[in-house]
Structures are given as C-alpha cells and as structure tokens.
Amino acid sequence: MALPHCRALDRPLLLRAEGLKRQLGDRLLWGGLDLELAAGERLGLVAPSGAGKTLLLRALALLDPLQAGSIRLQGRPPSAWGLPCWRSMVSYLAQRPVAQGGTVETNLRAPWAFRELRGRGGWSRGRITVWLEALGRDPSFLTYDAERLSGGELQLLALLRALQFDPTVLLLDEPTASLDGSTTTALEALLIAWLGGGGRAAVFTSHDSGQIERFASRSLELVP
Amino acid sequence: MTPAPAGALAISDGQLALSALLILVNVGLSVVLRLGLGRSLVVASLRMVVQLLLVGSVLEWLFRQDDALLIVLVAVAMALIAAVSAVQRTRRRFAGIYLNSLLTVLASAALVTGLAVVGLIRPQPWYDPQYLIPLLGMVLGNTLNGLTLGLDRFMEGLRSGRDRVETALALGGTRWEACQEVVRDAIRVAMIPTINSMMVMGLVSLPGMMTGQILQGAAPEAAVRYQIVILFMIASATALGVFGVVGLAYGRLTSADHQLRLDRLVTVGERGIGGAGGSFRRWWGAGRGGTSTLG
C-alpha cells in the first residue's frame, strides 16, 4: 500500500479510509468517502445535524459494519489488528458518554480489566491527576459518584478514560458540547499538547464554528 | 398419571361451565383497570378449554399406541408448539429466532426427558406414551416460560444497555466482555420462576400433576416422588434451554467483529400477543448464517 512512502514523510500517515459509504434505508448519507489522517492532525468534520457525522466516527471505530470501502490503520486492515485492539487504538468517544456505577476512579479503572488492555501498563493515578489539573479539576474528581456527574463532567470522564490508553486516533463526537467556556479552552489545550506527543491524531465534530476554526488543523465537509 | 380405578368424583358439563365463570374476575379487572387484556383472556380461556377437551380424547388414543416413531413424532410436534409459543410472547424479534427457539427446546427437552425416562423411571418400552408424553409436556410447559423470559430480558437488556455495551466495545472490550452482564441478567431472570416454585413447593403450591394424581386416588407418597423427579427435570431443562436460547441470541445480535447488531432487532406490534401468523414466516429462519458480516 501507500504506507511505506508515507512513513518517510515527516508526518506519517496513521489512518486511511477509502470509498466509505453509509446509507440509511434509501437515503445516502455519504458515499465514496476517502479520508487520510496524518500524525498531529486535528480533522474537524463539518456537516449539518443528521448528515452522518456520528456514523462516520462510528464507522472509523468499526462499531458498525462497513457498507462499502476499507479502512487501514498504519497500513494494516482491521482483521490484522483484531477488532478490540483496533478500537483501543482508534478510540471513539460518544456524544453522550455513559458511566457505570461507582466512582470516577472505578470507571477509569474498569477498562483495564479487558483482555485487550491487560498488561499495557495499567491504571496510573499520576497521569490522570496531571490531566485533571490541566482541565482545572481537583484530584477529588476521582472520588465523585459517576452516576451523578453532570453532562460536562461525564465528557471529561470519557476523555480521560480513553486518553489513558494512548490511542493513535481519537474520535471525538462533540467533545465539548456540555462544557463551559474555560473548560473547553483547557480541553483544547490539553488535546493539542497530547497530540504533540507524536504519532497521534484526532477527528472531531462540533456545532461550534468557532471551535472548528480555532482547533481544527483541517476540516472535512460531509456531502452525500 | 396412574389410572387408579378408584377415581375422583366426576365433573359434569354444567359444573365445568360454572367454573368458567371464574374467568370473569380477570375480565372484570381488565375492564376496570383498562389493561386491554379482555380479548386475550377470553381467547386464552377458550383455547385452554378446547385444547384440554381435545387432548383428553387424543391422549386416550395415544396411550393405546405402540409405535415408537409415531410417539416420537408427537413429542417433536409438542416441542415445536412450545418453541413457537416461547417466541410469540417476546416483544422483539430477529431473523432466525424461531429456529433458535426450536433447536434449544428440542435439545434441552430431549436430553432431560430422555435421561429421566431411560435412566431413571425406565418404563417398558422406553417410549411408553403414558410416561413419555406427560413428562415431556411438563418439561416443555415450564421451559417455555424460561425461554420467553430469557429472550425478552436479553433483547430488552441489549436495547436499554446499548450505550453501556458500546462504550465497552469502543474501549477495546470483546463482545463477551461488553455483553456478559446482559447475558447473565437474562439467564438469572429466566431461572427465577423455577427457583421460586421449588422454594415454596408443597408449602404454598401443590403442582397440578400431583394434584391430579392424588384426586385420582394415587398415594400422596408416590405422587410426591414423581413430582420431585419432574421438578428436577424442569429445573435442568429450563436452565439448559435458557442458556441455549440466550446464547444463540447473543451470537445473532453481536458479530464476530465485536459489534452490537441491534439493527437485526425488530419490535413486534401489540398484535404479537395474540398469535402473529403473518410475521411468523418472516422470523423463522430468514437470513441465518454466520454471525460475521465484516470480512
């Protein structure tokens, strides 16, 4: 594939999707969609509501069967990675995140029990605390009852839950929709710093055109 | 089931008709509380009466038969009806759900009834319909409830817990890691009636079969022994059946690519409660195949 050449570039290609299509009944949401994502990129998806932004993010995480086309991560198809491994590297954050019972910390620790993630370093309170500080939150956030979090706090929980696995590609579905202005700014800064770690990229959706302008390094308009 | 010559007091047609008045309690409640069950109650009552009167004469004929094949065919037909009824009461369907139900019912009932009849009770010949058919009937009638509860709970659980399941998948969980709570919950709920009824057995309830035997003059001691065997048969057949049917549903509603396939799930209209012949063919076995769609 094209990958060996890309590796030579200073911005290696991480994710490549070709000819993706999504149809709901007779309605074509998007078709013939090609997408390339290089390290460090922050790709903003632009489209009106109902145009299938969420479905595209879900497709990249392979949470739905592909109707057409193919996706490769670092040149390898999903079957070569194994689906659980793929999803730990191409991490999808839902628009309305959910938490299970227990504290925030319980929720952050829970995925480490998955077979795929066992033996990958495990829970690190230190890293989480640093991120929490960057988001203007006290470490006591970890002791909050996860089922009583506000919508914005849930989004923070979901972000931390995904970040701790160092995914290659973050798929963020309106990650700041329920956040106040200052936390939004802090979250954007945290993501930019995190992406600076190398070999990482993000795709996000937002209905805030200001955020697309401010945060996206490139944008993609979804058209049928 | 021992045809005791002593016999109980006979119930005349008029007395039967009087007993039917009891169902008016249910109909009245349904009307007052607007449960919308009136029609179903009447249909269910009529069916129960007609089916039982018919079965009375069918059984008389059947017990005189001595053809193993014929008796096995009757047994399979009973399993088929149980399998279909189990699905009929669920609120959602997926392609192949009827076949799943039939496979599970056949396997669990055949295994348990076979073991009990051939290994424990040992009538001569093994297919003696006087033993095989009533025992199978008891097992099927109870497995049926377990299957309905398990299937319904599992499908509802996946739907209501969809975000949770997909969160686990999105974080790198396997389909089993993501769904196991829902699977466990469905199996647990489906087993509750069996466990409950064993708990209070004899204290609160005298099971129908035993009551019948005792009224017919059988020694309670002997009737109780049959009942114990039957309850163990019911418990194990229900457990096997629920495990099987929920497992098959799990395989159908998730994919080998660790995806949740709720798109395969269709909600049945309220009419499904009455007996949906139209949609029946649709959910029988269409589109069965591997569980993976993504190469």
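The points below go from the fold of one chain to its contact with the other, and then to some individual residues.

1. A word on the source before anything else: this is a predicted model. Please keep that in mind through the points that follow.

2. Let me begin with the fold of chain B. Chain B contains 11 helices and two strands, and their order along the sequence is α-α-α-α-β-α-α-α-α-α-α-β-α. Of its 295 residues, 39% are buried. If you take the contacts in chain B between residues at least 6 apart in sequence, 77% of them join residues at least 24 apart. The chain exposes about 15,900 Å², with 67% of that supplied by carbon and sulfur atoms.

3. Next, the contact between the two chains. Chain A brings 27 residues to it and chain B brings 19 residues. Together they bury about 1,800 Å², 60% of it on carbon and sulfur atoms. Between the chains there are six residue pairs in polar contact, both residues being at pLDDT 80 or more. Which element gives the most to the side of chain B that touches chain A? That is α7(B), with eight residues. Sorted by class, this side of chain B has five nonpolar, seven polar and seven charged residues.

4. B:Glu166 deserves a look of its own. It sits in helix α7, residues 162-170 of chain B, and its relative accessibility of 7% is under the 20% cut-off, so B:Glu166 counts as buried. Leaving out residues up to four places away in sequence, B:Glu166 touches A:Arg58, A:Leu63 and B:Leu260. Two salt bridges are counted between chain B and chain A. The side chain of B:Glu166 forms a salt bridge with that of A:Arg58, at 2.5 Å from N to O.

5. Now to helix α6 of chain B, residues 129-160, where you will find B:Glu156. B:Glu156 is buried, at 17% relative accessible area, and it touches B:Arg91 and B:Arg92, not counting residues up to four places away in sequence. B:Asp152 and B:Arg91 meet through their side chains in a salt bridge of 2.6 Å, N to O. This pair links distant parts of the chain, 61 residues apart: B:Asp152 is in helix α6, and B:Arg91 is in the loop between α4 (68-88) and β1 (92-93).

6. Beyond its neighbours within four places in sequence, B:Leu136 is in contact with B:Ala75, B:Met78, B:Ala109 and B:Thr113. Its C-alpha atom lies 9.0 Å from that of B:Val112, 24 residues apart along the chain.

Technical notes
Residues numbered from 1 in each chain as written. Chains lettered and ligands numbered in written order. Predicted model: local features only at pLDDT ≥ 70, side-chain atom pairs only at ≥ 80, totals over all residues. Heavy atoms only, no water. Helix = DSSP H or I, 4+ residues; strand = E, 2+ residues; numbered from the N terminus. Buried < 20%, exposed > 50% of the residue type's maximum accessible area, 1.4 Å probe, protein only. Contact = heavy atoms within 4.5 Å. Areas by Shrake-Rupley, 256 points an atom, 1.4 Å probe, with all protein chains shown as cover. Buried area = accessible area lost by both parts, 1.4 Å probe. Salt bridge = Lys/Arg side-chain N within 4 Å of Asp/Glu carboxyl O. Polar contact = N/O pair within 3.5 Å; in protein donor to acceptor, adjacent residues only side chain to side chain. Nonpolar A, V, L, I, M, F, W, Y, C, P; charged D, E, K, R; others polar.
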